[in-house]
There are 2 protein chains.
Amino acid sequence: MADNKKMVEAITSRDEDFAKWYTDIVKKAELVDYSGVKGCMVIRPYGYAIWENIQRDLDRRFKETGHENVYMPMFIPESLLQKEKDHVEGFAPECAWVTVGGSEKLTERLCVRPTSETLFCEHYAKIINTYRDLPKLYNQWCSVVRWEKTTRPFLRTSEFLWQEGHTMHETQEEAEAETLQMLRVYEDFYRETLAIPAVVGRKTEKEKFAGAEATYTIEPMMHNGVALQGGTTHYFGTGFAESFGITYQGRDNKLHFPHQTSWGVSTRMIGAIIMVHGDDDGLILPPRVAPVQVAIVPIAMHKAGVLDKAQEVADSLKKQFRVKLDASDNSPGWKFSQYEMQGVPLRLELGPKDIENNQCVLVRRDTREKIFVSLDNLEAEITKLLDVIHDAMYNRALENMKAKTFEARTYDEFLTTAKETPGFIKAMWCGCTECEEKIKEETGGVKSRCIPFEEENLSDVCVCCGKPAKHMVYWGKQY
Amino acid sequence: MADNKKMVEAITSRDEDFAKWYTDIVKKAELVDYSGVKGCMVIRPYGYAIWENIQRDLDRRFKETGHENVYMPMFIPESLLQKEKDHVEGFAPECAWVTVGGSEKLTERLCVRPTSETLFCEHYAKIINTYRDLPKLYNQWCSVVRWEKTTRPFLRTSEFLWQEGHTMHETQEEAEAETLQMLRVYEDFYRETLAIPAVVGRKTEKEKFAGAEATYTIEPMMHNGVALQGGTTHYFGTGFAESFGITYQGRDNKLHFPHQTSWGVSTRMIGAIIMVHGDDDGLILPPRVAPVQVAIVPIAMHKAGVLDKAQEVADSLKKQFRVKLDASDNSPGWKFSQYEMQGVPLRLELGPKDIENNQCVLVRRDTREKIFVSLDNLEAEITKLLDVIHDAMYNRALENMKAKTFEARTYDEFLTTAKETPGFIKAMWCGCTECEEKIKEETGGVKSRCIPFEEENLSDVCVCCGKPAKHMVYWGKQY
């Protein structure tokens, strides 16, 4: 150890300083590095491997629901971005602009895509002619740029990786069904793959996407009670189609505008994984996206046969799991801390005594539970344990979300809850933007998260203005 | 058919106008669409699916050789690009520059990455400290931008998709071995997956990459005898490391500069697939990257049982192959032409008579051969045939390359061959740039492709200047 500079350094306590705890983890678990361009991050191998696992899983879900991947240019001419009024107003202030190409000043500025509705519409205008060309169910994996003033790795960066679905449909019903279907795909993915529960519902007028008729959202709650907009799906109606002259000849032989949707999730999900599951010792990764599912740590490695046996176990497990055998000359204790910091779901310890007894020790990252397992039964036991860990992580997160979800029936109660107990507040709302703005102002940032699909009737009047209530809304601060 | 506007239009003959034939195919096989930004293309689902298959295969090869994926920012500050003199000279003239972010003029211009050596170096400077941190074997999948004046889909576009490997090593030997290993990975991939043979070797000083000590290249020949630079690997020595201050503490406890490589292939490979394999009826796709490997065309679809049986066959084949059942109301003849145009390796015809005989007809795209196959034996037969098609495609391409590879022992012979018979010319070379420039000038664009690893000795003197020859060189025009 003397010549090894690497040490597993302690990280800030989660309860002491959540923001610093987060930053410590992303750096020390080697998920990202900062780059020389403000707000842009380097995603390191361990962080990128999480993204690859996310991509593979989501991409399968998109293809199973009939979507095809495409790639659009990364540049949008300014005139194209301006074709849809609300959209350009929403995005122009945060665009990065290319003004010089080669050594020449461009005659028209090009914006680096902040999102690609306009590019998809330009293409759809050329390839959609009749109802036979519909639906078009396209998705794109790419990076996008939004010039942010305050940035934080994964949560808010000037460049981020994401997927953006863009679809065109004959009817409003079909397009709305798509919007809701993709929200369900996200919800299933969060639950089944990331072990993250969430509230889902519709955004208010104030919070919806620039140019959309309706925006739906999935809102997981972080450990500290702060919400994260975890993914959105948008129904656009025919607004973009009208602006871009996209028409199709219908079954009635008349020309119609198709109905459009878009939907996206991003590398921000990695931020959610960290903040929902992590603890004071570092990351706790959901087994289904963990780059390493089982870290094998040989004990008394110098003893005859230990390393050979560890290699044999690793080779056998590799067929089924993502496995890392650490045969470096770091101490077992260092390795334990390292893989805890990196959130590896299972640690497998194997020493001379274990080998003698034809067994090994499995240690769960989430509970630290130690389990002695026969080597004859290892694959089955690991398969089972990874599922058990997933479920336990989901349930812990769900308990946290439940414990930090409050109700407010009066405005005083709302303000007190907002001030004293971070989390979601369920409260009735009249439907007007003024109340949303007043609440945000007077609570230092509590915004409407969404109108859930299943509303409760907590009272008949708006918690803010006292006028008749239209909806129950989840409120909360956000990243 | 009356109300269906879609028709399989004829394409330009390959021998008549190769360039127009190429453009017809990329448009009519629905691989790409042009976009509103000059030189940027929309990669449509069928084209993108080829890229996804290429990516999956290459990514596996990269990981098997120990590489990890990362993601670097898409922007490079001008000062960072300028740190390596040769590099900036090579790339600055073709950069796209972001000068405005949000609504503010940036204090420093940002270039949209044309390649990411500088970003990797900036990161490596922070994470490489001792020999224990080496090697670093990183790869990135992303899009890059090079402002091109004349563009052609896949072959030369202002934005393209690619992978770029960037590695750091303790010693020159290790780095050079990596450079050659990755060239072999490319060569294997071209042969085993794309069914494309190629010449491989080292670039001359004149043709090597900006900032590299040595550049290696894989050069497949298109059907018309023109070469395509199909992929390159570079050995950088310690030049970048010195410019970026990357050092490591060696086994001797002293500070050293690590040795660096980079290597990349791009969506240009799709251009190679088209131009190596295609014919007058459209694409011929190598089975291992074809988005659809078997297109099922039911015959007399209205007859009872035909569609059910076709669906049953499709469902069963889907477990093993990429299959499309076309149950649209287009005529079988239209479908035949369509899947020929799209280069689907095998067409499966199934009609009432076939069903009666428990058989179907398989038609090879590459030879048009019809094969009657029992439905009991279908999977095995398709598996075999896809391999047979792959091998046949490779051999045809190899025959073409051999037939269009010439030797020149005198300059007259060289000029005549260059003028009259497009292809590779093997000829001796003295090693000086002046002769390369003279040849390029006097032949209207014939350049050195590479110095092959296995040189022949055609004579002792340079074909151009008559001075003593240092190497045998493959010469040819390129895309």
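Predicted model: local features only at pLDDT ≥ 70, side-chain atom pairs only at ≥ 80, totals over all residues.
## Two helices packed together in chain B

Two packed helices are described by the angle between their axes and the distance between them. Here the axes of helix 2 (residues 45-64) and helix 6 (residues 172-192) of chain B come within 11 Å and cross at roughly 140°, and the crossing of helix 2 of chain B past helix 6 of chain B is right-handed.

## A salt bridge within chain A

Side chains of opposite charge can pair when their charged atoms come close. In chain A, the side chains of Glu192(A) and Arg61(A) form a salt bridge, with 2.9 Å from N to O. This pair links distant parts of the chain, since Glu192(A) belongs to helix 6 (residues 172-192) of chain A and Arg61(A) to helix 2 (residues 45-64) of chain A, 131 residues apart. Over all chains, the count comes to 78 salt bridges.

## Where chain B meets chain A

The contact between the chains draws 59 residues from chain B and 59 residues from chain A, and the area buried between them is about 4800 Å², with carbon and sulfur atoms giving 57% of that area. Pro45(B), Tyr71(B) and Arg132(B) supply 13% of the area that chain B buries against chain A, which is more than any other three residues.

Between chain B and chain A there are 6 salt bridges, and Lys63(A) and Glu52(B) meet through their side chains in a salt bridge of 3.1 Å, N to O. Polar contacts across this interface involve 26 residue pairs, both residues being at pLDDT 80 or more. On the side of chain B that touches chain A, strand 5 (residues 96-101) of chain B provides the largest share, 6 residues, and the residues of that side divide into 30 nonpolar, 11 polar and 18 charged.

## Backbone features in the loops

Most residues other than glycine have a negative phi, and most peptide bonds are trans. The peptide bond from Leu134(A) to Pro135(A) is cis, with omega near -5°, and Pro135(A) is found in the loop between helix 5 (117-127) and strand 7 (136-145) of chain A. In chain B, a cis peptide bond joins Leu134(B) and Pro135(B), with omega about -5°, and Pro135(B) is placed in the loop between helix 5 (117-127) and strand 7 (136-145) of chain B.

Ala195(A), although not a glycine, has a positive phi of about 60°, and Ala195(A) lies in the loop between helix 6 and strand 9 (199-202) of chain A.

Definitions and conventions
Residues numbered from 1 in each chain as written. Chains lettered and ligands numbered in written order. Heavy atoms only, no water. Axes fitted to C-alpha atoms, helices over the stretch in contact; angles between N-to-C directions. Helix = DSSP H or I, 4+ residues; strand = E, 2+ residues; numbered from the N terminus. Left-handed = near helix turned anticlockwise from the far one by under 90°. Contact = heavy atoms within 4.5 Å. Buried area = accessible area lost by both parts, 1.4 Å probe. Salt bridge = Lys/Arg side-chain N within 4 Å of Asp/Glu carboxyl O. Polar contact = N/O pair within 3.5 Å; in protein donor to acceptor, adjacent residues only side chain to side chain. Nonpolar A, V, L, I, M, F, W, Y, C, P; charged D, E, K, R; others polar.
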